[in-house]
Amino acid sequence: MVASVQAQVDGEFQNVWGIRAELRPVVWSSAMPTIQGWRVIVANNSDQAGDLGYHDETGVLPTGYVFVEDAIKYGVTPSVTLSHEVLEMLIDPWINATAIMPDGSVCSYEVCDAVEDDRWSYVVGDHLPVSNFVTPAWFTPHSPGPWDFKQVLRQPFQLARGGYIAVFKNGHWSQRFDSESFDTKQQAARIEKGRFSRLYRRTMR
Ligand SMILES: [Zn+2]
């Protein structure tokens, strides 16, 4: 899983965003809190992560979470979720970057949410599936494309089927979903998944 995301970060993601990272898998041990660096904690479910509670010790560094059993429960490929979290951390590590949308509202600067559905994931060589991601052009009104790596979007700020984006409007944040694929069950899963990932990270700080 880590090797697949590393290949993505070193390859197409760096080509598009000019940013990369070195991913190093570390098995949990009591020495872990002393390891310096950004971290993505991979656990089976959110209860475990909530119980670990060590994130406070190094709370100054960005920390992501991937919950494998939860991902599977909601029909999401864990390697796609790991990719999603890693790519978004690289572009918005402090979860405070935003872009101004054409209607004047503000959206979070998250590079996978708009194309997060598994159906937009992709495989390179014999690696595991990784998440599609949007390009800098996606956040820029009237920009020429491409707006996402897989080129499924046709304009800035567009949401692919199964995608969503957090929008700040009239003084509060809400999630804007792709209207064409509105499905309460899917949406509930997405809201839940959102809580497990980015929003969850937000609440961790
Ligand atoms: Zn996200």
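The confidence of the predictor in each residue is expressed as pLDDT, on a scale from 0 to 100. This is a predicted model, in which local features need pLDDT of at least 70 and side-chain atom pairs count only at pLDDT 80 or more, while totals for chains, interfaces and linings use all residues. Residues are numbered from 1 along each chain as its sequence is written. The protein has a mean pLDDT of 84, with 80% of its residues at 70 or more. Among its elements, H1 has the highest mean pLDDT (98) and helix H6 (residues 198–204) the lowest (41); helices (H or I, at least four residues) and strands (E, at least two) are DSSP runs, numbered from the N terminus. The pLDDT is below 50 over residues 49–57, a stretch with eight contacts in the model beyond near neighbours in sequence; a contact requires C-beta atoms, placed from the backbone, within 7 Å. Where pLDDT is low, the predicted coordinates should not be read in detail.

The largest nonpolar core contains 36 residues, of which Ala114, Val115, Phe133, Val134 and Trp138 touch the most other members. Such a core is a set of buried Ala, Val, Leu, Ile, Met, Phe, Trp, Tyr and Cys residues joined through C-beta atoms within 7 Å. A residue is buried if 20 or more other C-beta atoms lie within 10 Å of its own, exposed if 12 or fewer, and partly exposed in between, with C-beta atoms placed from the backbone. Helix H1 (2–17), strand S2 (63–67), helix H4 (78–91) and strand S5 (164–169) each supply at least two residues of this core, and H4 gives the largest share, five residues. Beyond its neighbours within four places in sequence, Val134 is in contact with Val111, Ala114, Val115, Trp147 and Asp148.

Helix H4 is largely enclosed by the rest of the structure, because 11 of its 14 residues are buried. Among these buried residues are Val80, Leu82, His84, Glu85 and Met89.

A further element of the architecture is an open sheet of four strands in the order S3-S4-S5-S6, with antiparallel pairing; strands pair if DSSP finds at least two bridges between them. Strand S3 (98–100) and strand S6 (172–177) are the edges, each pairing on one side only. S5 and S6 run antiparallel and are joined by six bridges, and Ile165 has Arg176 in S6 as its bridge partner.

Gln151 lies in the loop between strand S4 (106–108) and S5. Gln151 counts as exposed because it has 11 C-beta neighbours inside 10 Å.

Notes: Contact = placed C-beta atoms within 7 Å.
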